[in-house]
Amino acid sequence: MRFVDGPRGVILDGATTFPVSMARGATFDPELEERIGDVIGRELRAMGGNFFGGVCINLLRHPAWGRAQETYGEDPIHLGEFGAALARGVQRHVMACAKHYALNSMENARFTVDVRIEPRPLHEIYLRHFKRVVEEGVASIMSAYNSVNGEYCGQNYTLLTEILKQQWGFQGFVMTDFIFGMRDSKKAALAGQDVEMPFDMIHRQHLRRLVEEGEVPLERIEDAAFRVLRQQVRFAQGRDPKAYTLDVVGCEAHRKIAREAAEKSIVLLKNDGGLLPLKGVKKLAVIGKLAATPNTGDGGSSNTRPEYVITPLEGLQEALHGQAEILYADGTDPNEATRLAGEADAVVMVLGYTSQDEGEFVSPDSMAELAKNFPPPTPEELPIAQKLMASMTATNSVPNAMPPGGDRRLLTLHPEDEELIRVVAGANRRVVVAMMGGSAIITENWRHHVPAILMLWYPGMEGGHAFADILLGKINPSGKLPCVFPRRPEDLPYYDINARTITYDLWHGYRKLERDGVMPAFPFGFGLSYTTFSLSNLKLNETALSTQSTLQCTLDVTNTGSLPGATVVQFYVAVPGSRVERAPKELKAFKRVELQPGQTQTVRVAIPARDLAYYDPHSGWTVEPATYRLIVGQHSLDQQALQAEFNIH
């Protein structure tokens, strides 16, 4: 197995670097994600690999999670569709691995935390998207480092055998997360763990004896071996070697897809007075270190090595060459920034996070403590182990500072960035703030001081070009938030980055805020456009369904503005009279629609009744006879949403 990680591209020299997964989740475009998977799989096979480890579908429970950028968002239906799309694309060429199974949504405590959870939230919220990717035929599942209900995921019989292999019928193989992914050879083998990665540190000491003494049945070893071999045979067949020459790696066609992904992922959060797109600007001030810094995301196991990265400043310089003067300041001197802002027709500020603020993490002390319980690598394995550990414990150049990355300690921008926004906005009313980061950012201290706000995420190697195209109106923004942006930390679930135990339940993100009657700054699914859209003529094929039926619905979407653009039609379902506690509404389907001015398109969506089930710990998935309400809008709190009722009997 020639394994290479992800998920923003193949982590080998020169491969295409896409926007991070959270950004791609903001496109609400699974067809694009499948094309991205096709590029990743093709480039990996051309570079000699046969196994991609970057289908990361852990659910975003809280925006402080350090590796939020590596997943697609907070909703399990949305997550499942994107994970399935990436797996489909990658597996045209190589094996894919979905990770980290399961409930891995904390970074600093990932090796030690025990997540406690009841069956209903486990199946409905935290496993549903893994089940969807298994249904898509993913070759492998990577178990997580953390414990669930008292047992490490890498040796958890309930997760690996009862649910994954027996209930879901998973035919692929399970592998551990690297180095510290299992602790007990016998427990892991009997639980359904198939491969210890990246080498047999624990099994080397114990597994042969356990088999010889009858403590681990030989059938379990044969099952594990055949699971691996079946996938290797499956993906070794029927592909023309001439389609995998090295000239496909980072080629122009692939870079165009990276640019398209960045264009579709950028979310326009605010645009008072129609400041954007910028028109008639002769002198533009660009302020912020991140405007001129390549910033593609985390520096850990997902770190890519593109041939180049177009920064926001470079994108604007190229797009405005010969048309406008660009004044740049990195913002470290507020007086200089204020002076340039006062001279300019408009100001663009690029602020936010880097891999120093969020990302993969383990402290060197924790690594040393963990290593005491594991045998040393062999001389052949040592270079791999050292490289892996270096990526996890990259040291900061500041003496006595915390290692970079990890769970975020701030949910706002840095205080100096917020102060910079205030002083610059005082010098020029035409200010655009563009934020970089891996998930939600709280903007309450400054968002009312500026007319325009964009969320760039970590936009990949072509992000600067995409940013310039959006600002100048060459591309109409169409990204939608894959996670709610709250107003206050208090509105979010409990989070302790050093927790030893924590309880997960049904409540996070838009579900929790709406249940609590709390308004977010920007709701789930929200994103503005330079044009406008209307929804009309919602029709259901029938209003009385059986538990085995499928709800078929249609509606018309019209571009009522003057520019071409795209919106995302979002289908939510509520069960007001349910016998169990449910969220006020839950996303069940979505459809991205691109329209010319004045154009109307009929959208058709099918929602199987089984997708409306809740999980009963005694009887499993249960479709409840009840009255259901379908809510169709352009975000989760859309006041113009269409509604229709139907019954299941």
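1. Met182 sits in the loop between β8 (173-175) and α7 (185-191). The model is a predicted one. Met182 has a relative accessible area of 2%. The cut-off for buried is under 20%, so Met182 counts as buried.

2. Which residues touch Met182, leaving aside its neighbours within four places in sequence? The contacts are Gly154, Gln155, Thr176, Ala188, Gln193, Glu196, Ile202, His203 and Phe374. Glu107 gives a sense of spacing: Met182 and Glu107 are 75 residues apart in sequence, and their C-alpha atoms lie 17 Å apart in space.

3. Now helix α16. Nine of its 10 residues are buried, so α16 is largely enclosed by the rest of the structure. The buried residues are Gly463, Gly464, His465, Ala466, Phe467, Ala468, Asp469, Ile470 and Leu471. Asp469 and His465 are on that list, along with Phe467 and Leu471.

4. What do the buried residues of α16 pack against? Two helices are involved, α10 and α11 (312-319). So are the strands β12 (346-352), β13 (431-436) and β14 (452-455). Just after α16, Gly473 takes a positive phi of about 85°.

5. Take the α10 contact. Helix α10 (residues 252-265) packs on helix α16 (residues 463-472) at an angle of about 45°, and the axes are 8 Å apart. That angle makes α10 oblique to α16. The crossing of α10 past α16 is right-handed.

6. The residues at that contact are as follows. Arg259, Ala262 and Glu263 come from α10. Gly463, His465, Ala466, Asp469 and Ile470 come from α16. By class, the contact of α10 with α16 holds three nonpolar, two polar and three charged residues.

7. Next, α11. The axes of α11 and α16 come within 7 Å and cross at roughly 55°. The two helices are therefore oblique to each other. Here too the handedness is assigned: α11 passes α16 in a right-handed crossing.

8. On the α11 side, the contact uses Pro312, Gly315, Leu316, Glu318 and Ala319. On the α16 side, Gly464, His465, Phe467, Ala468, Leu471 and Leu472 take part. The residues of the contact of α11 with α16 divide into seven nonpolar, three polar and one charged.

9. His123, Glu124, Ile125 and Tyr126 in α4 meet Arg128, His129 and Phe130 in α5. Three nonpolar, two polar and two charged residues make up this contact of α4 with α5.

10. Last, the nonpolar cores. In soluble globular proteins, nonpolar side chains tend to be buried together. In this model the largest nonpolar core has 124 residues. Which of them touch the most other members? They are Tyr101, Leu269, Met349, Met435, Trp457 and Phe485. Helix α2 (residues 30-46) gives the most to this core, with six residues. Another core lies apart from it and has 31 residues, including Phe533, Val593, Leu630 and Val632.

Technical notes: Residues are numbered from 1 along each chain as its sequence is written. This is a predicted model: local features need pLDDT of at least 70, side-chain atom pairs count only at pLDDT 80 or more; totals for chains, interfaces and linings use all residues. Side-chain values use heavy atoms; hydrogens and water are left out. A nonpolar core is a set of buried Ala, Val, Leu, Ile, Met, Phe, Trp, Tyr and Cys residues joined through side-chain atoms within 4.5 Å. Buried means under 20% relative accessible area, exposed over 50%, partly exposed in between (1.4 Å probe, protein chains only). Helices (H or I, at least four residues) and strands (E, at least two) are DSSP runs, numbered from the N terminus. Axes are lines fitted to C-alpha atoms, for helices over the stretch in contact, and angles run from 0 to 180 degrees between N-to-C directions. Angles under 35 degrees count as roughly parallel, over 145 as roughly antiparallel, 65 to 115 as roughly perpendicular and the rest as oblique. A crossing is left-handed if the near helix is turned anticlockwise from the far one by less than a right angle, and right-handed if clockwise. Contact means heavy atoms within 4.5 Å. Ala, Val, Leu, Ile, Met, Phe, Trp, Tyr, Cys and Pro count as nonpolar, Asp, Glu, Lys and Arg as charged, and the others, Gly among them, as polar.
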